[in-house]
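Look at the structure before reading on.

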Amino acid sequence: MTTSPPVRQCLALLRSKNSSTPLPSATAAQLHALLLTSGHLHYDSLCLLFRSYCACGRPVDAHNLLAQMPQPPPVSFCNTLLRSYTDLGFHREALILYSRMRTFDHLTFPFAAKACGGLRLCRHGRAVHCRALAAGFGGDAYVQNTLVSMYTRCREVAAAEAVFSAMRSRTVVSWNIVIGGCVKNGCPERALEVFEAMVGSGVGIDRATVVSVLPACAQTKDLRTGRAVHRLAEGRGLGNYVAVKNALIDMYGKCGSLEDARRVFEDDKFDKDVVSWTAMIGAFVLNDRAGKALALGCEMLMTSEARPNAVTMAYLFSACASLPSGKHAKCTHALCIRLGLQSDIVVETALVDSYAKCGHLEMIEMIVEKGSRRTETWNAAISSYTHREQEKKAIELFKRMIAESVRPDSATMASVLPAYAEFTDLVQAKNIHCFLLTLGFLGSAEIATGLIDVYAKAGNLEVTWELFQCLPEKDVVAWTTIIAGYGMHGHARTAILLYDKMVEKGVKPNNITMTSLLYACSHAGMIDEGLRLFDDIRNVHGLVPNAEHYSCLIDMLGRAGRIEEAYRLIEDMPFKPTTSVWGGLLGACVLHENVEFGEIAAKHLVELEPENTGNYVLLGKVYAAAGRWADVQDLRRMMEERGLHKDPGSSVVDAKSELC
C-alpha cells in the first residue's frame, strides 16, 4: 500500500515527538484517527502512538493500543505504561496492569511498589517485594529505595528500616527517604537518629535532606539540633534555596525562636513565595503574637506578589480567634471571599472555629447554611457548639445534618457525644445508641467510650457497665469514664474497686482519673480513702497534683468539718490557690458556720473575682448563720455600692424533652 503524503507527515511527526517534547493530547488523538482511517495502523505506528499517548498523559488510550498489538509487547512498553499510570495517580490501574505482566525487569517493581504505596496496600506491597526478590532484583538500589518509600507510606516503618539496613550501597536518596518516612509516621526522634548516623557516615546532605530533617526538629522542639542543621546547610551552600528557607522558618517558629525565624524570613537572598509568608505568619500565631500575624498578612497583600492560600487563611483565622473582637474574623472572612477561597474545606473549618472562639455563634449557622455543606464543616460547627456549652444547639444541628442526608463520620460522633452526655437525657441516650448501632460506629473504641459517658451521666449505670464490658481493649480513657460514672452517682466504693482493678491490669491512671476518684470520696465522706488516693498521685503514679486535686481534697476535708486542716493545706500548696480552691473552703464554712475562715476565703475570692456576686452571698450566709446581722447589712450595702445584684433563682422542669 502506497503511503500518502499526509500519512508520511503524520509518522514523521510521531517519530520526532517521541524523542522530544510530547504531542498535545488532542493532536495525538487526531493522528491516531488519521492512521486508523487510512489503514496504516500497523505495529510500528502502534508503537509510536503508544509512546505518544503515554507521554501526553492519556494512559487509558495507550493501554487500549497495547491490547491491539499483534504480538506480546516488550516489558519496556508495560513499564512505560506503568510509569504513566503512577505519575498521574492512577495506582489501581497500574496494579491491574502489573498483575497481568509475566516478564519483568529492574524498572517494573519500582512502579508497582509506588502504586502500592499510593493506595496504602501493604499486603500487596509485600507481594511485590517478594516477587522482586524471586526475580533477582532484591539487591537493586533503585528497587530498594522504592520499597523503603512504599513501606513508609503504608506506615510500616520497621519494614522500611529492615530494607534500608539490608542495602549494600546507600545513596543520599536512601537516607532521605528513611528520614522523611519517620517524620511522616510520627517518629521524629528516630528521624533525628537516622540523620545523625547519616552525617556520621560521611554521606553528603542535599536540599531534600535538610527539608526532611527540619520538621523532625520542629516536632520534637529540638532547637539545638535545628540550629546545627541550619549551620550545616549554610556550610554546604544550601541555605539560599527557597524550600530550605521555608523549612527553617517553620522549624524556628515551632521551636519558639521567633527572632531566628524572622532573621531567616527577612534575608534578601531569596524570593519569598506563599509558603515563606505562610510559615512566618504561622510562627507568629503559634507563639501567641496574633497582632503581628495579622500585620504580616496585610504586608503580604500590599508588598508581595504571592497570594494567600488556604493554609495562610487558616493561620490568619487562628490569629483572629485569639482576639476578643470579631471584627478581624469578619474582615478576614471578606478577604477569603475576594480571593475565592471561602469554599475550601480548610478555610471553612478554620472560619467556624474562629467565629466560635470570638463568641459570634450566629455566624456559624450562616456558614453551614451557605457554605459547601460538607461533613467537615458540619463537624466543626457541632464541635464549636459543644465546646461553648451550647449542647442543645449542637444536637439540633446534628439532627439537621442527618435530615439533610449528610453522612456523619467518626469525627461527627466524637463531637456530638459530649453534648448528649451533658444533656443527661436518658431517652436521647437511647436514641443516639440506636443510631450508632445502625451505622456501625460502635466498632470504634473512642465512640463506644463516648457512649459510655452519655449513659453514665444520664444515670443508667447498668447499660454503662455492659458497654464497658464489651470494649475489646480498655484504655485509660475508658477506665476513667466508668470510674467517674460510678463516682458521680455516689458509688464511691465501686469506683475505688474499679481503680484498683485498673492498676492491677497495668493501666496507668491520669490526672482526670484521680480527680474523679477524689470527687467521689469527697461526696461519699470517705476521708481516709481520699487521703490515700491523694498520696498515690505522686508516690505511686509519679504525677504532679494540680489545682483540681487540691480543690477536691479541700472540699472533702471541709465537708467533714476539718476546716482548719483544709486551710493549712491551702497554705502549703506549691502554687497560688485558684478560685475553685477558695470556693470549696468558703462552701465548707457556710455548711459548718465557720466565720473565721469564711471571711479569709471570701476575702481571697473577692480579690480574684470582684464581680462575682455568689461570693458575697455565701459570706452573707456565714454571717447570718452566726447571727451577725449587722455584717450581713454591711455586705449588702457594699454590693449596692459596687453595683452588684444577686441573680434571681430559677428552676427547670423538663416535662417532655423537645429533642425527643
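Which residues of α9 are buried? They are Val 143, Gln 144, Asn 145, Thr 146, Leu 147, Val 148, Met 150, Tyr 151 and Thr 152; buried means under 20% relative accessible area with a 1.4 Å probe, protein chains only. The model is predicted: local features need pLDDT of at least 70, side-chain atom pairs need 80 or more, and totals for chains, interfaces and linings use all residues. Residues are numbered from 1 along each chain as its sequence is written, and side-chain values use heavy atoms, without hydrogens and water.

**Helix α9**
- α9 covers residues 141-153; helices are DSSP runs (H or I, at least four residues), numbered from the N terminus.
- The 13 residues of α9 reach 18 Å from first C-alpha to last, close to the 18 Å expected (1.5 Å times one less than the number of residues).
- Its buried residues pack against α7 (108-119), α8 (122-134), α10 (157-166) and α11 (172-184).
- At the start of α9, a side-chain oxygen of Asp 140 comes within 2.9 Å of the backbone nitrogen of Tyr 142.
- Arg 155 follows α9, with a positive phi near 65°.

**Nonpolar core**
- The largest nonpolar core has 193 residues: buried Ala, Val, Leu, Ile, Met, Phe, Trp, Tyr and Cys joined through side-chain atoms within 4.5 Å.
- Helix α17 (residues 274-286) gives the most to this core, with 8 residues.
- Residues with the most contacts inside the core are Met 280, Met 413, Ile 432, Ile 554 and Leu 585.

Key. Helices (H or I, at least four residues) and strands (E, at least two) are DSSP runs, numbered from the N terminus. Buried means under 20% relative accessible area, exposed over 50%, partly exposed in between (1.4 Å probe, protein chains only). Contact means heavy atoms within 4.5 Å. A polar contact is a pair of N or O atoms within 3.5 Å; within protein, one must be able to donate a hydrogen and the other to accept it, and residues adjacent in sequence count only if both atoms are side-chain atoms.
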